Amino acid sequence: VQLQASGGGLARVGESLRLSCAASGRTLRSVTMAWFRQAPEKERAIVAGISWSGLTYYSDSVKGRFTISRDNAKNTVFLQMNSLKPEDTAVYYCAASPNFNILTMPYNYWGQGTRVTVSS
């Protein structure tokens, strides 16, 4: 599976961005997808995930502000990020896993990352 992330950029506090992750080489219908992020000098951490059945997971830091969704027909996963905060600044990565449980690591396939910068 090849994953291509896009949609990052510069936003002000309170604004929104939408990340996309397009997959090729394999259908996403039967895989779990997730978005991770890595801020400077911090470890990469999962922020949202969606199973092949549509179950979702959000970290406490983004719950209520971010929404993960998938369009299986377009083989694409999205992360809608609203009410952005400076602490959301990071490189965001999409990833795919054959495991049903979103929190089961590791994820096997990774996109190249897209940078999100939130300024106050």
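**Figure 1. Overall fold of the predicted protein chain.** Among contacts (heavy atoms within 4.5 Å) in the protein chain between residues at least 6 apart in sequence, 57% join residues at least 24 apart. The model is predicted: local features need pLDDT of at least 70, side-chain atom pairs count only at pLDDT 80 or more, and totals for chains, interfaces and linings use all residues. Residues are numbered from 1 along each chain as its sequence is written, and side-chain values use heavy atoms, with hydrogens and water left out. Buried residues account for 44% of the 120 residues, where buried denotes under 20% relative accessible area, exposed over 50% and partly exposed in between (1.4 Å probe, protein chains only).

**Figure 2. The disulfide of Cys 21 and Cys 94.** One disulfide is counted, defined as a pair of cysteine sulfur atoms within 2.5 Å. The sulfur atoms of Cys 21 and Cys 94 lie 2.1 Å apart, and the link is right-handed, with 65° about the S-S bond. Cys 21 belongs to strand E3 (residues 17-24) and Cys 94 to strand E9 (residues 90-97), so the pair ties together parts that are 73 residues apart in sequence. Both cysteines are buried: the relative accessibility of Cys 21 is 0%, and that of Cys 94 is 1%.

Figure 3. Strand E7 (residues 66-71) runs antiparallel to strand E8 (residues 76-81), joined to it by six bridges; two strands pair if DSSP finds at least two bridges between them. Asp 71 has Thr 76 in E8 as its bridge partner. Four residues separate the two strands of the hairpin, and Asn 75 in the turn has a positive phi of about 55°. Phe 66, Ile 68 and Arg 70 make up the covered face of E7, whereas Thr 67, Ser 69 and Asp 71 make up the uncovered one.

**Figure 4. The nonpolar cores.** A nonpolar core is a set of buried Ala, Val, Leu, Ile, Met, Phe, Trp, Tyr and Cys residues joined through side-chain atoms within 4.5 Å. The largest comprises 29 residues, and those with the most contacts inside it are Met 33, Trp 35, Ile 68, Leu 79, Met 81 and Tyr 92. A second, separate core of six residues includes Phe 36, Ile 46, Ala 95 and Ile 102. Not counting residues up to four places away in sequence, Met 33 touches several residues, including Cys 21, Ile 68 and Tyr 107.
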